[in-house]
Amino acid sequence: MSAVVATVRERAPEYCRDEDGDNSGCLIGEDGWFSRILVRPAIAEVAADALAAE
């Protein structure tokens, strides 16, 4: 485990293709779809639960 984070905000998935049908220089996801979320470090209690489960 490299980080324990909490989601602050999610964006709706976006489809990203250029006119040739290829993925453009944007973030690349599965078949042209990608999602982004804003995260922050998790508070100690949440991190402890996640680390214990690991």
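Trainee: Why is Arg36 called partly exposed?

Mentor: Arg36 has a relative accessibility of 33%. Buried means under 20% and exposed means over 50%, so Arg36, at 33%, counts as partly exposed. Keep in mind that this is a predicted model.

Trainee: What makes the contact between Glu14 and Arg36 a salt bridge?

Mentor: Their closest N and O atoms are 3.5 Å apart. The cut-off is within 4 Å, so this pair qualifies as a salt bridge. The pair links distant parts of the chain: Glu14 belongs to strand β2 (residues 14-15), Arg36 to the loop between β3 and β4, and they are 22 residues apart.

Trainee: How do you know that Glu14 and Arg11 form a salt bridge?

Mentor: Try the cut-off again! Here the N to O distance is 2.7 Å, and the limit is 4 Å, so the side chains of Glu14 and Arg11 meet in a salt bridge. The structure holds two salt bridges.

Trainee: What makes Arg11, Glu14 and Arg36 one network?

Mentor: Their salt bridges share partners: Glu14 pairs with Arg11 and with Arg36.

Trainee: Are Glu14 and Arg11 buried, exposed or partly exposed, and why?

Mentor: Glu14 has 26% relative accessibility and Arg11 has 45%. Both values lie between 20% and 50%, so both residues are partly exposed.

Trainee: Which strand has the highest mean pLDDT, and which the lowest?

Mentor: Among the elements of the protein chain, β4 has the highest, 93, and strand β3 (residues 33-34) the lowest, 76.

Technical notes: Residues numbered from 1 in each chain as written. Predicted model: local features only at pLDDT ≥ 70, side-chain atom pairs only at ≥ 80, totals over all residues. Heavy atoms only, no water. pLDDT = per-residue confidence, 0-100. Helix = DSSP H or I, 4+ residues; strand = E, 2+ residues; numbered from the N terminus. Buried < 20%, exposed > 50% of the residue type's maximum accessible area, 1.4 Å probe, protein only.
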